[in-house]
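Work through the exercises below with the sequence and the model side by side. Each task is followed by a solution in steps.

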Amino acid sequence: MNRKLRMGMLGGGDGAFIGAIHRFAAQADGYIELVCGAFSADPAKSLNSGRKLHLPADRIYPNYQEMIEQESKLPSDQRMDFISIVTPNHMHFEPAMLALHMGFHVFIEKPITMSLHEAKQLQSKTEESGLLLAIAHTYTGYPLVKEAKNIIQNGVLGKIRKVFVNYHQGWLSTLLEEEGNKQAAWRTDPSKSGICGAMGDIGVHAFNLAEYITGLEVSHISAQLNIMVEGRKLDDDGMVMLKFGDQASGILTACQVAVGEENNLSIKVYGEKAGLEWHQMEPNSLLLKFANKPMQVLRAGQSYLSAQAIQNSRTPAGHPEGYLEAFGNLYMNFAAVISSRFQQTESKLSTPEFQGIKAGLRGMLFIEKVVESHKSDIKWISLS
């Protein structure tokens with residue numbers, strides 16, 4: 001394809017946390033350019049944000065409806081190719097549905113919607129339109145996460161027995177939402193965040209990572225949710241026991257009141273023959289453990305890694321490669337598939353891969369079943 005893909009953005013205006021990260025990631029490889037946006041629910045703020053990004057005034061919109069409708073009327077060589085939705089959770093579903101209806105691919109933040117019912121509608125719309133939808137499960141973009149998945153697929157661990165996955169933060173250890181913190185305010189507000197707090201915000205990442213790396217689907221859960229900070233409306237701590245059918249069991253914890261923790265996401269997987277361990281805050285190392293020989297430390301950027309890990313590596317071995325690069329890999333793979341569709345040729349990547357509508361649906365199923373389990377006296381709740 002002899003041009004960049006054209007991206008429109010919903011949300012992510014001046015002062016927003018995740019919008020700038022999405023823009024950096026999308027444009028990191030030179031495959032995508034930002035051409036338009038509706039950056040805030042406040043039209044004046046949207047205009048100001050767009051101007052700071054050097055967009056022409058007629059491509060800066062006051063709301064998503066006008067952006068999608070006006071972009072659809074532009075000639076095919078000018079209109080956006082896809083929309084990136086980086087708003088709080090309550091502003092995911094309707095913009096995504098409208099974008100798909102008007103013929104645009106969608107890249108969307110997690111969790112995909114506010115409810116499982118909405119997620120199922122979005123799945124139907126995606127299938128009906130034949131368009132692509134990607135969800136921002138950033139941690140699947142790390143090279144050594146892909147390597148861990150490949151190791152398990154190749155049977156190095158043998159039959160999986162146990163999974164431990166934890167995501168611990170400390171930033172909500174006080175009632176930050178009452179102190180003017182915008183990020184805390186919407187994440188702890190059920191009308192904007194949904195029925196879960198910590199479990200919906202970071203627990204869903206841990207759940208996705210466990211299923212992605214192991215290749216197994218969680219079949220049953222038993223959950224406990226806690227509100228540790230008095231006055232908070234949604235959970236800020238929780239634990240979920242997992243069953244992967246009859247094969248394996250696991251434990252997932254998500255906590256945003258672990259004082260002193262930053263973004264401590266980690267996963268350990270144990271099989272009959274070996275185990276592996278990965279930590280998001282030390283992402284360039286993957287530990288491979290055996291019963292009767294020394295532990296191996298696999299490192300990012302090395303030629304001995306799998307093709308998928310190498311394809312998603314950006315720096316020479318020994319150079320720090322982290323969150324922004326992993327985020328960029330999501331957009332790189334998404335763009336590769338869209339471009340190959342436009343050209344009706346094979347993708348420039350040998351095995352392009354991103355998390356799509358199925359992962360989004362699984363995430364919402366997890367969130368709703370966690371709440372159901374927490375409220376129930378039944379020991380195990382089926383994820384079906």
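**Exercise 1.** How much space lies in the largest cavity?

*Solution.* The model is predicted: local features need pLDDT of at least 70, side-chain atom pairs count only at pLDDT 80 or more, and totals for chains, interfaces and linings use all residues. Residues are numbered from 1 along each chain as its sequence is written, and side-chain values use heavy atoms, with hydrogens and water left out.

Step 1. Take the terms. On a 1 Å grid over the protein atoms alone, a cavity is a set of points where a 1.4 Å probe fits but cannot get out; a pocket is an open set with protein on both sides within 12 Å along at least five of seven lines; lining residues have an atom within 4 Å of a point. Grid points are joined across faces, edges and corners, and a volume is the space filled by probe spheres set on the points.

Step 2. The largest cavity holds about 60 Å³ of space.

Step 3. Its lining includes Asn 89, Ser 193, Cys 196 and Met 364. By class there are 6 nonpolar, 5 polar and no charged residues. (Ala, Val, Leu, Ile, Met, Phe, Trp, Tyr, Cys and Pro count as nonpolar, Asp, Glu, Lys and Arg as charged, and the others, Gly among them, as polar.)

**Exercise 2.** Describe the second largest cavity and its lining.

*Solution.* Step 1. Its volume is about 30 Å³.

Step 2. Among its lining residues are Arg 187, Asp 235 and Asp 236. The lining has 2 nonpolar, 3 polar and 3 charged residues.

**Exercise 3.** Locate the largest pocket and find the helices that line it.

*Solution.* Step 1. The volume of this pocket is about 1000 Å³. It is lined by 50 residues, and Ile 18, Val 86, Gln 183, Trp 186 and Arg 187 are the closest to its centre.

Step 2. Helices (H or I, at least four residues) and strands (E, at least two) are DSSP runs, numbered from the N terminus. At least two lining residues come from each of α1 (17-27), α7 (182-187), α8 (190-193), α9 (198-214) and α11 (323-343).

Step 3. The lining divides into 22 nonpolar, 18 polar and 10 charged residues.

**Exercise 4.** Which helix gives the largest share of the lining of the second largest pocket?

*Solution.* Step 1. The second largest pocket has 13 lining residues, with Glu 211, Tyr 212, Gln 355, Lys 358 and Ala 359 nearest its centre.

Step 2. α9 and α12 (357-375) each supply at least two of the lining residues. The largest share, 4 residues, is from α9.
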